[in-house]
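I opened the notebook to go through one structure.

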Amino acid sequence: MASNLIPEIGEFGLIGKIAKIAGPTLEAVPKLIEGIGDDCAVYRLSEELLQVSTTDILVDQVHFDLLTTPVKHLGSKAMSVNVSDICAMNAIPRYALVSLAIPPSFPVEMIEELYRGMANAAAEYGVAIAGGDTSSSRSGLVISVAVTGEVTEERIAYRRGASPGDLVCVTGMLGGAAAGLRLLMREKDIMLEHLENRETYDRNLMADLEEYRNAIRSQLLPLARLDIVKFFHSAGIRPTSMIDISDGLSSELQHICRSSNTGALIYENSIPIGPETRLTAEEFQDDALTWALTGGEDYELLFTVPKDSLQDISAHRDISVIGEITPPEEGIFIRDIYGMKIDLAAISGFDHFRS
Ligand SMILES: [Mg+2]
């Protein structure tokens, strides 16, 4: 058998291969109505009620760096990234299972801090931490969280329901998490330089970065948009498709279009980017739009609604309409501020195996 290394096929290539082997097991469980390929698996509990489940893993040196990440924040983020996938189905999260692989050098207090962060976030979302597993790790810390939620059949939103003419919308601001990551990486370099020169490093990380507070916060403490899901439920809005922005707007929009068999046209000047993100990009001589499109980890929601929902959507000040869904043959494009149409396929998101 020819052997490939995983970076050669990438994260999505690997998922494709796994789906081929695991896919047939779905047939044994007719009540499982959605398997691999959306933000959550979906299981039918009754005629109206569906259960949604997701899991996400955070690995030391791949997803976080303990030099720049307080463990309490890490615990909170591990919970939020999972709840974000539940929100992407327009569902309400209910309970979580938490598994940890812990290096033997870790003090017990650090794990307690991690759990305090998780418990705080769980309380915020109304989620119970209902069990899990712990193991020792020969390398770094590994945190795996699984969350289960509920949604009715008439409210659930899949990735595949968009159709031409629908409005493309996002919540919050994009690119902030990428800006925060750059700032933290710069801070880490300064810290390591001090250590190398045997100087004491006595900066208070959060205090010195006060002016970048929002960007750092969106990197270290992202919040799942359960508030938006509750707004949808109370306003009677059902997105025709939805996904959460974990890898960047560009790749998430492509997921929606591929699943829905549509194209899309979005507008650069409609993409919400905070002033702090723009300033940070300028400081780093980088491009805030690229951060918004490919930076990832913003954990905002990307969704589509029929055109006649515009008024209902506009009632919420944290939702921006950024474009519209087009027929599949028109492709997936962004129109920049000069009026040029750029193919979004050329601008893709973060691949954990390639970066
Ligand atoms: Mg997702």
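**Cysteines.** I count a disulfide as a pair of cysteine sulfur atoms within 2.5 Å. The model is predicted, so I take local features only at pLDDT of at least 70 and side-chain atom pairs only at pLDDT 80 or more, while totals for chains, interfaces and linings use all residues. Residues are numbered from 1 along each chain as its sequence is written, and side-chain values use heavy atoms, with hydrogens and water left out.

I searched the whole structure and found zero disulfides. I looked at C257: its closest cysteine sulfur is in C169, 13 Å away, too far for a bond. For C87, the closest cysteine sulfur belongs to C40, at 9.2 Å, also too far for a bond. I use buried for under 20% relative accessible area, exposed for over 50%, and partly exposed for in between (1.4 Å probe, protein chains only). C87 is buried at 0%, and C257 is buried at 2%.

**Magnesium site.** Which residues are the protein donors of the magnesium ion? I noted D39, D85 and D244, each through OD, at 2.0 to 2.1 Å. Donors here are N, O and S atoms within 2.8 Å of the metal (3.2 Å for Na, K and Ca); water is not among the atoms, so sites may look incomplete. The spacing in sequence reads D-x45-D-x158-D. D39 sits in the loop between β1 (32–34) and β2 (41–44), and D244 in strand β8 (residues 241–244), so the pair ties together parts 205 residues apart in sequence. I took helices (H or I, at least four residues) and strands (E, at least two) as DSSP runs, numbered from the N terminus. Both D39 and D244 are buried.

**Nonpolar cores.** I define a core as buried Ala, Val, Leu, Ile, Met, Phe, Trp, Tyr and Cys residues joined through side-chain atoms within 4.5 Å. The largest has 52 residues; V52, M79, I143, V145, F232 and F303 touch the most other members. Helix α2 gives the most to this core, seven residues. Domain 1 (42–152) and domain 2 (159–181 + 215–346) both contribute, so this core lies between them. The domain bounds come from an automatic or database assignment. A second, separate core of 35 residues includes I216, I245, I256 and A288.

**Q254.** I placed Q254 in helix α8 (residues 249–260). Q254 is buried, with a relative accessible area of 9%. Its side chain reaches the backbone oxygen of L344 at 3.2 Å. Beyond neighbours within four places in sequence, Q254 is in contact (heavy atoms within 4.5 Å) with I332, L344, A345 and I347.

How values were computed:
Polar contact = N/O pair within 3.5 Å; in protein donor to acceptor, adjacent residues only side chain to side chain.
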